[in-house]
Amino acid sequence: MSPPIPPTSPSAGTLIHPATAVDVVITHEDIDRAHDRDRVWQTRAQRGLWSRARLLWLLIGPGILVMLGENDGPSMLSYAATGARYGIGFFLPFVALTFLVACVVQEMTVRLGAATHRGHAELIFDRFGPFWGWFSMADLMIGNFLTLVTEFIAIRAGLGFFGIPPSIAVLAAWLVLFAALMAHRYWTWERVTLAAAMFNLIFVPVALLSHPHWHAVASALVTWKPLPGGLTQETVLILLANIGATVTPWMLFFQQSAIADKGLTTHDIRLGRVDTMLGAALAAVAALATIIATAPLFAHGMSTANFEAAGFAQALQPFVGRWGATLFALGMFEAGMVAAITISTSSAYAFGEVARRPHSLNLPFQQGKSFYLVLILEAAAAAGLVLIPGIPLVYIVLVVNVIAVLAMPPALLFLYMLVNDREIMGDLVSPLWANILALGVVVVLIAAGVLFGVSVISPHALSFFGGR
Amino acid sequence: MENVPDNHGTAINLPALVASLEPDQLAVAKQQHHCPRRSLTPEEKLVFWALRIYLVFMFGIVIYQVWMGAR
């Protein structure tokens with residue numbers, strides 16, 4: 001059994017817990033979380049529309065952050081490449097559908113986090129043992145590090161549009177990530193990151209500046225046109241990149257750990273779901289806007305095979321003007337920045353949960369040294385790698401999204417089993433319809449992975465699936 | 001320790017404040033109490049291994065594709 005955490009904060013100590021009548025150690029982390037929960041209980045006790053709205057304001061966070069965080073550098077670049085190469089006919093409804101899939105998956109983490117107050121990595125280790133736990137951690141850490149590298153690629157490319165040298169760009173981004181942690185308070189970190197994440201919607205004015213044909217947009221969403229050019233190795237890669245742009249393993253780990261850190265309980269599940277759906281809706285709007293914004297490149301038959309983020313911004317300038325191109329480049333920077341913060345935080349949570357070290361954004365630096373160091377050093381290593389010259393950036397970001405799709409089925413299986421584990425979930429186990437949806441998602445992801453495998457090993461075999 | 005100063009120096013009633021947390025939300029409770037391990041059925045182990053092999057195989061394909069792309 002681990003020794004108790006020393007109460008180093010001046011306002012921490014021991015007391016008799018009112019609910020259990022047992023003498024317990026209270027830490028700085030507990031007091032910060034208790035302040036947040038106290039506000040939730042006081043607001044919940046009040047009646048009226050204003051109180052309902054305030055309660056929602058207090059409880060939103062993890063869902064919006066995870067969804068807008070996943071609208072990251074590689075995701076936005078995938079959407080941009082999609083719009084530029086394939087237009088809107090097939091991919092607008094397809095991407096909207098992937099966000100529904102993300103809702104189904106992330107809703108399970110809301111219930112799991114609120115019911116157990118534990119992070120995802122901790123539950124996997126506790127329930128399935130270290131053998132499977134380390135496999136799961138390896139998947140997460142490899143995926144997170146590769147994705148973090150691509151976030152700094154997006155940051156570098158976005159700021160590169162303004163002539164900022166790569167070394168200055170990645171150093172500035174790393175300092176922003178570092179500064180976001182300085183409050184040592186989950187609530188402050190969450191609100192600052194939420195405010196930054198809202199800038200993901202910067203892609204909406206870019207779409208408006210491209211003067212889309214709204215009738216064509218509405219028609220695409222309703223009719224779902226066939227995939228342009230049929231099923232080829234390239235279209236399979238883009239399909240997987242778009243799926244990987246909305247459902248990835250780090251999202252499961254991040255949202256559950258953030259819910260535990262925020263202190264959500266079973267009373268908050270309904271609004272936790274609202275938080276997740278709100279996040280999915282906002283992220284879907286930004287994603288669809290990016291596809292619409294780059295669709296003029298498809299309409300004018302421009303080749304975009306070797307575009308980076310800054311390349312897209314420059315190519316779009318004749319269609320959206322200088323302001324539109326500037327907003328697009330800023331959007332790429334924001335997407336990379338917010339995701340770098342959330343993904344490195346998910347790694348730090350998982351490390352702390354597995355290593356049995358304190359892991360909370362409410363911890364002062366001295367108490368959470370290992371938590372903060374993992375977060376900061378992982379980001380620093382990813383930032384450093386990006387400065388290596390000659391890296392094929394667009395190719396890397398597409399491959400990272402593909403890896404995310406491939407790693408999802410094992411991660412989803414752990415989630416599925418945990419959320420159906422009556423011993424830890426009680427009556428909050430998944431209903432039948434949710435299990436059917438979750439298993440459907442696993443089957444679709446495996447099928448997508450197999451299709452990708454076929455497209456690489458034997459591209460001609462795609463003709464069996466209606467391709468060429 | 002009934003009334004103690006919070007981080008801003010304001011007096012707070014600590015027991016009342018901590019009562020807003022469920023007992024298993026306390027940091028010490030999280031550190032000391034863990035969910036018991038469950039045993040996997042043979043079918044569950046089979047699915048776990050199948051997905052693990054799937055993942056390793058697919059990663060191999062990704063590496064092959066990257067290698068082909070580099071050539």
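# A walk through a predicted two-chain model

Helix α7 of chain A spans residues 166-180, which makes 15 residues. From first C-alpha to last, α7 reaches 21 Å, close to the 21 Å expected at 1.5 Å a residue.

Which residues of α7(A) are buried? They are A:Ala169, A:Val170, A:Ala173, A:Trp174, A:Leu177 and A:Ala180. Seen down the helix axis, these buried residues fall within an arc of 125 degrees, so they line one face of α7(A). The other side of α7(A) has exposed residues: A:Ile168, A:Leu175 and A:Ala179. An α-helix has 3.6 residues a turn, so residues three or four places apart point the same way.

Now try helix α15 of chain A, residues 369-386. It has 18 residues and reaches 26 Å between its first and last C-alpha, close to the 26 Å expected at 1.5 Å a residue. Its buried residues are A:Phe371, A:Tyr372, A:Val374, A:Leu375, A:Glu378, A:Ala379, A:Ala382, A:Ala383 and A:Val386. They cover an arc of only 160 degrees around the axis, which puts them on the same side of α15(A).

Next, look at the core. In soluble globular proteins, nonpolar side chains tend to be buried together. The largest nonpolar core here has 150 residues. Which members touch the most other members? They are A:Phe152, A:Ala173, A:Leu240, A:Ile291, A:Phe328 and A:Ala340. Helix α14 of chain A, residues 309-355, gives the most to this core, with 24 residues. Another core, of 9 residues, lies apart from the largest one. Among its members are A:Ile31, B:Leu14, B:Val18 and B:Leu21.

Neighbours within four places in sequence are left aside. A:Phe152 is then in contact with A:Val170, A:Ala173, A:Gly336, A:Ala340, A:Ala382, A:Ala383 and A:Val386. A:Val170 and A:Ala173 are among the buried residues of α7(A). A:Ala382, A:Ala383 and A:Val386 are among those of α15(A).

Two more residues show how sequence and space can part ways. A:Ala154 is found in helix α6 of chain A. With 31 C-beta neighbours inside 10 Å, A:Ala154 counts as buried. A:Ala154 and A:Met76 are 78 residues apart in sequence, yet their C-alpha atoms are 9.1 Å apart in space. A:Leu297 is part of helix α13, residues 269-299 of chain A. A:Leu297 counts as buried, with 24 C-beta neighbours inside 10 Å. From A:Leu297 to A:Ala315 is 18 residues in sequence and 7.8 Å in space, C-alpha to C-alpha.

Loops deserve a look too. Most residues other than glycine have a negative phi. Two histidines have a positive value instead: phi is near 60 degrees in A:His117 and near 50 degrees in A:His211. A:His117 lies in the loop between α5 (91-116) and α6 of chain A. A:His211 sits in the loop between α9 (203-209) and α10 (214-223) of chain A. Are these two residues buried or exposed? A:His117 counts as buried, with 21 C-beta neighbours inside 10 Å. A:His211 is exposed, with 10 other C-beta atoms within 10 Å.

Turn to chain B. It has 3 helices and 2 strands. From the N terminus on, its elements run β-β-α-α-α. Of its 71 residues, 17% count as buried.

Where do the two chains meet? In all, 50 residues of chain A are in contact with 41 residues of chain B. On chain A, β1 (13-16), β2 (23-26), α1 (28-45), α6 (120-160), α16 (393-419) and α18 (432-457) each supply at least two residues of the side that touches chain B. The residues of that side divide into 29 nonpolar, 13 polar and 8 charged.

The predictor gives the complex an ipTM of 0.84 and a pTM of 0.89. Chain A averages a pLDDT of 87, and 91% of its residues score at least 70. Chain B has a mean pLDDT of 81, with 82% of its residues at 70 or more. In chain A, pLDDT stays under 50 over residues 1-10. Where pLDDT is low, the predicted coordinates should not be read in detail.

Terms used. Residues numbered from 1 in each chain as written. Chains lettered and ligands numbered in written order. Predicted model: local features only at pLDDT ≥ 70, side-chain atom pairs only at ≥ 80, totals over all residues. Contact = placed C-beta atoms within 7 Å. Helix = DSSP H or I, 4+ residues; strand = E, 2+ residues; numbered from the N terminus. Nonpolar A, V, L, I, M, F, W, Y, C, P; charged D, E, K, R; others polar. pLDDT = per-residue confidence, 0-100. Expected span 1.5 Å × (residues − 1). Buried ≥ 20, exposed ≤ 12 C-beta atoms within 10 Å, placed from the backbone. Arc of directions from axis to C-beta. Core = buried A, V, L, I, M, F, W, Y, C linked by C-beta atoms within 7 Å.
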